[in-house]
Amino acid sequence: MNDDEKGKRFLELIDEQNNVQWSIVAKLTSLISSNWNSTDAQKELEELVEKHTSITKELNSLDENSSIL
């Protein structure tokens with residue numbers, strides 16, 4: 001992958017990561033409102049955290065030589 005492709009992918013991942021972060025905040029707010037009793041919200045939160053972790057790992061792999069940051 002050349003630097004232009006890496007840069008484009010990096011920006012796409014940052015945008016996706018931002019959207020996931022907002023979803024995590026919304027899900028946490030929902031859980032707090034339910035006094036932590038919503039198993040559906042808990043499961044969705046777990047999935048969002050896993051997705052965020054995956055995005056972060058890919059972001060880090062794109063910048064393995066500190067070429068983007």
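Trp 36 is partly exposed, with a relative accessible area of 47%, where partly exposed denotes the range between buried (under 20%) and exposed (over 50%), computed with a 1.4 Å probe and protein chains only. Trp 36 lies in the loop between α1 and α2; helices are DSSP runs of H or I with at least four residues, numbered from the N terminus. The model is predicted: local features need pLDDT of at least 70, side-chain atom pairs count only at pLDDT 80 or more, and totals for chains, interfaces and linings use all residues. Residues are numbered from 1 along each chain as its sequence is written, and side-chain values use heavy atoms, with hydrogens and water left out.

**Loop between the helices**

- Phi of Trp 36 is positive, near 65 degrees, in a residue other than glycine.
- Asn 35 follows α1 and likewise lies in the loop between α1 and α2.
- Although Asn 35 is not a glycine, its phi is positive, at about 55 degrees.
- Most residues other than glycine have a negative phi.
- Asn 35 counts as exposed, because its relative accessible area is 58%.

**Helix α1**

- The 31 residues of α1 should span 45 Å at 1.5 Å a residue, and its end C-alpha atoms are 45 Å apart, which agrees; the expected span is 1.5 Å times one less than the number of residues.
- At the start of α1, a side-chain oxygen of Asn 2 comes to within 3.0 Å of the backbone nitrogen of Asp 4.
- The buried residues of α1 are Lys 6, Phe 10, Leu 13, Gln 17, Val 20, Ile 24, Lys 27 and Leu 31.
- Helix α2 is included in what covers these buried residues, contact meaning heavy atoms within 4.5 Å.

**Salt bridges**

- The structure holds five salt bridges, each being a side-chain nitrogen of Lys or Arg within 4 Å of a carboxyl oxygen of Asp or Glu.
- One of them pairs Lys 27 with Glu 44 at 2.4 Å, N to O.
- That pair links distant parts of the chain, with Lys 27 in helix α1 and Glu 44 in helix α2 (residues 39-62), 17 residues apart.
- Glu 44 is partly exposed at a relative accessible area of 35%, whereas Lys 27 is among the buried residues of α1.
- Glu 12 forms a salt bridge with Arg 9, with the closest N and O atoms 3.3 Å apart.
- Both residues, Glu 12 and Arg 9, lie in helix α1 (residues 3-33), three residues apart, about one turn of the helix.
- Glu 12 is partly exposed at 39% relative accessibility, as is Arg 9 with a relative accessible area of 25%.
- Arg 9, Glu 12 and Glu 58 are linked in a network of salt bridges.
- Within helix α2, Lys 43 and Glu 47 are four residues apart, about one turn of the helix, and their side chains meet in a salt bridge of 3.9 Å, N to O.

How values were computed. Helices (H or I, at least four residues) and strands (E, at least two) are DSSP runs, numbered from the N terminus. A polar contact is a pair of N or O atoms within 3.5 Å; within protein, one must be able to donate a hydrogen and the other to accept it, and residues adjacent in sequence count only if both atoms are side-chain atoms.
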